[in-house]
Amino acid sequence: MKIAFIGLGNMGAPMAANLAAAGHEVTGFDTAAPAPSGVTAAPGATEAVGGADVVITMLPNGAILRSVAERIVPAMRAGAVLCDCSTVDVDSARAVAQMARDAGLGALDAPVSGGTGGAQAGTLTFMVGGGTQDFATVQPLFEIMGQKAVHCGDSGAGQAAKICNNMILGVTMIATCEAFALADKLGLDRQKMFDVVSTSSGYSWSMNAYCPAPGVGPKSPADNDYRPGFAAELMLKDLTLARMAAESVGAATPMGMLAQQEYEAFVEHEDGRGRDFSAMLPRLAARGVTAG
Ligand code: NAD
């Protein structure tokens, strides 16, 4: 297949490189990052997409996605599919899909989970919104870049699945961290706490697979001085998208809202930026509350 790849950052570069390594003809464009090995650099986004069967975008946010889409959609060939893998707000995902369809193109929103490690290893999970035919067209590429692609429904459904998943993740990570901080103050050993909770009803991915306590459970960013992993500011981005989505449809998400506020305080006003999102544990352990 002829593929154009717009946005060759931490995620996009290894995803594009994996497609090229699998034998596809990949042309890439990024305003700042260089093209990875096997990918032909184009001088601009419109030049990159001209002959492509599938155009993949991996960009920072919905506003940038919309502005890139406005430029590339008119330059794409009829029948090609625009597949956005960025994490963006549901409204932008739907607006861009509509723009593509109005121009006679296919459109998918296909955000990922798995992080930069998954992008490099080709083990991402894709959550996909859009038409069945477009999903079938891009499925072979999802199989190269990832290990699983779930067709979640119409346009926007992929982004909806992504933010719902990450809202659960943000909330359970904070709950796991505050339980460790409470255990500390109660004199309960962290290893014992892990041994109990990881096999009891408090277990979760945050506890069992990504334990925020250093030296406890499987290897995780906590064991690497909380270097990301999944950075706190990316969790804040996803919780903010969840909050926007909840407000736009009138859904009650009190825990998601609180988690968004906690990560916002951590990233914007404390030392959270650039640290793994599990560094919520040292933050809470240090904070404490004076007994009143
Ligand atoms: P990044 O900042 O490393 O990459 C984004 C790239 O887009 C940059 O190289 C930037 O130069 C480029 N760019 C910006 N404006 C552009 C434009 N107008 N035209 C062309 N290129 C442009 O970010 P990333 O970590 O690769 O994340 C990309 C997307 O994937 C984000 O939406 C993010 O939320 C999502 N995501 C990231 C992770 C992760 O762990 N990094 C995990 C899951 C999802």
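This report walks through a few residues, the ligand and some salt bridges in a predicted model.

## Ground rules

The model is predicted, so local features need pLDDT of at least 70 and side-chain atom pairs count only at pLDDT 80 or more, while totals for chains, interfaces and linings use all residues. Residues are numbered from 1 along each chain as its sequence is written, and side-chain values use heavy atoms, with hydrogens and water left out.

## Asp30, a charge without a partner

Let's start with Asp30. It sits in the loop between strand 2 (25-29) and strand 3 (40-41); helices (H or I, at least four residues) and strands (E, at least two) are DSSP runs, numbered from the N terminus. Asp30 is buried yet has no salt bridge. Buried means under 20% relative accessible area, exposed means over 50%, and partly exposed is in between (1.4 Å probe, protein chains only). A salt bridge is a side-chain nitrogen of Lys or Arg within 4 Å of a carboxyl oxygen of Asp or Glu. How far away is the nearest side chain of opposite charge? That is Arg71, 11 Å away. For charges, Lys and Arg count as positive and Asp and Glu as negative; His and the chain ends are not counted.

What does the side chain of Asp30 reach instead? One polar atom of it lies 2.7 Å from the backbone nitrogen of Ala32, and the side chain also reaches the backbone nitrogen of Ala33, at 2.8 Å. These are polar contacts (a pair of N or O atoms within 3.5 Å; within protein, one must be able to donate a hydrogen and the other to accept it, and residues adjacent in sequence count only if both atoms are side-chain atoms). Leaving aside neighbours within four places in sequence, Asp30 is in contact (heavy atoms within 4.5 Å) with Gly7, Leu8 and Gly9.

## Around the ligand

Asp30 turns up again here: of the 23 residues around the ligand, Asn10, Met11, Asp30, Leu59 and Lys237 come nearest. To be near, a residue needs a heavy atom within 4 Å.

A backbone N or O atom of Asn10 is 2.9 Å from a ligand oxygen, and a polar backbone atom of Leu59 is 2.8 Å from an oxygen atom of the ligand. For Thr31, a backbone N or O atom lies 3.5 Å from a ligand nitrogen. Taken alone the ligand exposes 830 Å², and the protein buries 84% of that (areas come from the Shrake-Rupley method with a 1.4 Å probe; for residues, only the protein chains shown count as cover).

Gly170 lies in helix 7 (residues 157-186). Buried or exposed? Gly170 is buried, with a relative accessible area of 0%. Leaving aside neighbours within four places in sequence, Gly170 is in contact with Met235, Ala259 and Tyr263.

Gln159 is found in helix 7 as well, and it counts as buried at 0% relative accessibility. Not counting residues up to four places away in sequence, Gln159 touches several residues, including Asp84, Ser86, Asp109 and Pro111.

## Salt bridges

How many salt bridges does a search of the whole structure find? It finds 8. One joins Arg77 to Asp53, with the closest N and O atoms 2.6 Å apart. This pair links distant parts of the chain, 24 residues apart. Arg77 is partly exposed at 35% relative accessible area, and Asp53 is partly exposed at 24%.

Elsewhere, Arg273 pairs with Glu268 at 3.5 Å between the closest N and O atoms. Finally, Glu262, Glu270, Arg283 and Arg287 are linked in a network of salt bridges.
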